[in-house]
Amino acid sequence: MIPGLPYATELPDRVGVLVLGSGLAGCAALLAAAEAGQYAVLLEKTDAIGGSTVRSAGLSAFAGTDEQTAQGIADSVELLRKDLVETGKHVGDEALVDLYCDHQLDTYRWLKEHGVRYGEVHAASGQSVPRSHPTDTTGMLVHLLKAAGRLGARLLMDTPARRLLREEGRVVGVEVDGPDGPHRIAADAVVVATGGFAQSPELLARFAPQMEHALRAGGPGCTGDGLLMAWQLGAGVVDTPYVKGTYGIFHRPHPDEDGTGILAVYKGAIAVNREGRRFVDESLPYKEIGDAALAQPGVTTWQVFDATVMAASNDEVPIYEFAGRDRAGMLLRGDTVADLEAVIGLPDGSLVATVDDYNRRIRDGDPDPLGRRALSSSVGDLLPLERPPFYAHPSGTVVLATYCGLTVDTRMRVLDVFGEPIERLYAAGEVIGGFHGAGYMTGTSIGKAGIFGRLAGREAAAEESELEW
């Protein structure tokens with residue numbers, strides 16, 4: 001239990017807005033509904049808040065912020081939109097992309113008004129300028145939940161929802177597992193913010209068999225409950241062909257692996273396979289790198305870098321916390337590239353030849369055979385790997401989040417398979433599809449959770465109610 005949160009111990013019989021899931025989307029929806037004057041209650045199936053939000057790198061993609069201005073970063077909503085559409089390969093619902101862009105700055109300010117603070121902005125996957133804003137994810141959720149509690153909202157832990165209840169065509173509440181058996185909670189509106197299904201082998205096998213050899217992480221409660229409950233009512237599901245893994249996680253379970261992995265490739269590293277050869281343009285979105293890594297012999301690959309890249313380590317941003325991995329013994333090291341090659345166990349001369357060719361092309365200005373022209377997307381000049389010592393991070397691909405799911409409209413109403421709203425049912429966060437399309441920009445998972453969660457809470461609170469409290 002976290003001190004100061006608005007915990008409740010007794011299951012209510014009737015609420016205004018009922019929110020399922022305590023990641024950022026759920027917490028934002030709860031606060032927004034409470035700010036709109038509704039009696040709002042959040043149900044969390046596990047004994048801890050946060051879901052996949054607190055397992056993420058904590059980066060939000062915003063454009064035009066105070067932090068960007070302070071760092072001299074020129075960004076715009078137009079450029080943000082362009083990057084989102086292009087990264088999604090023009091597959092996503094552009095109405096949802098526009099919704100994100102239209103509300104991202106006011107949501108950013110709303111979060112800051114409630115105490116959320118952001119650190120140094122970085123560039124990452126899919127961004128043509130740096131716009132990844134790091135924050136303490138648990139701290140962010142605590143700020144929102146405390147603010148909601150001051151307005152009368154409540155939080156129930158260890159309370160899994162089992163079924164959405166519908167009467168006369170509209171959702172009227174949920175059935176939950178209570179201490180004395182099934183319990184019905186009536187609600188004027190329900191917001192599903194239960195996350196994805198990264199922890200469900202059955203749903204991954206059904207929707208993403210290409211992830212068979214990927215590792216699995218994400219929130220322990222992310223087993224697809226919300227998707228299945230809405231699906232039972234006829235909800236549409238979209239973007240399942242585009243489930244991808246995230247590159248850069250440590251190749252096997254390790255006590256110091258927090259689930260995010262590292263992306264030294266975006267600071268200058270190269271990625272090599274068991275043959276000591278590069279296999280991908282390392283500036284691509286890390287989910288595309290993850291796909292390429294899964295196709296390599298033996299699956300495990302290595303991010304190889306030198307002391308210059310190590311100097312770019314940033315303990316504030318988990319994906320750039322290289323020095324922490326070194327302290328934890330998760331990096332291999334050599335005084336020369338040949339030494340590192342031997343430590344990894346690559347074929348004789350393979351890594352040396354790869355690094356020599358990479359460095360020569362940078363020095364001579366020759367085209368990269370894999371198409372790499374920058375460190376991340378179009379940001380950052382390429383760096384030769386020549387300053388000892390040299391490092392390698394054994395890297396696998398992990399399913400952290402699924403980024404597909406329920407179809408929604410721009411009011412966050414869940415749509416059925418015919419595109420019609422399921423009355424009084426809303427959704428936000430990882431459980432929805434349509435936004436990312438076929439590719440993922442760093443920071444848009446946390447970003448859309450805050451933006452769309454807030455909108456879902458507002459819309460749900462506007463439903464007609466006879467509840468007085």
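## Ground rules

Helices (H or I, at least four residues) and strands (E, at least two) are DSSP runs, numbered from the N terminus. This is a predicted model, where local features need pLDDT of at least 70, side-chain atom pairs count only at pLDDT 80 or more, and totals for chains, interfaces and linings use all residues. Residues are numbered from 1 along each chain as its sequence is written, and side-chain values use heavy atoms, with hydrogens and water left out.

## Methionine 157

Methionine 157 sits in the loop between β5 (154-156) and β6 (161-167). Is methionine 157 buried or exposed? Its relative accessibility is 12%, so methionine 157 counts as buried (buried is under 20% relative accessible area, exposed over 50%, partly exposed in between, with a 1.4 Å probe and protein chains only).

Leaving aside neighbours within four places in sequence, methionine 157 is in contact with Tyr7, Glu44, Thr46, Asp47, Ala48 and Ile49; contact means heavy atoms within 4.5 Å. Arginine 424 is 267 residues away along the chain, and its C-alpha atom is 23 Å from that of methionine 157.

## Valine 190 and the cores

A nonpolar core is a set of buried Ala, Val, Leu, Ile, Met, Phe, Trp, Tyr and Cys residues joined through side-chain atoms within 4.5 Å. The largest one has 99 residues, and Leu18, Leu20, Val190 and Phe452 have the most contacts inside it. Another core, of 43 residues, lies apart from it and includes Val304, Phe305, Tyr320 and Val355.

Setting aside neighbours within four places in sequence, valine 190 has contacts including Leu18, Leu20, Leu164 and Arg424.
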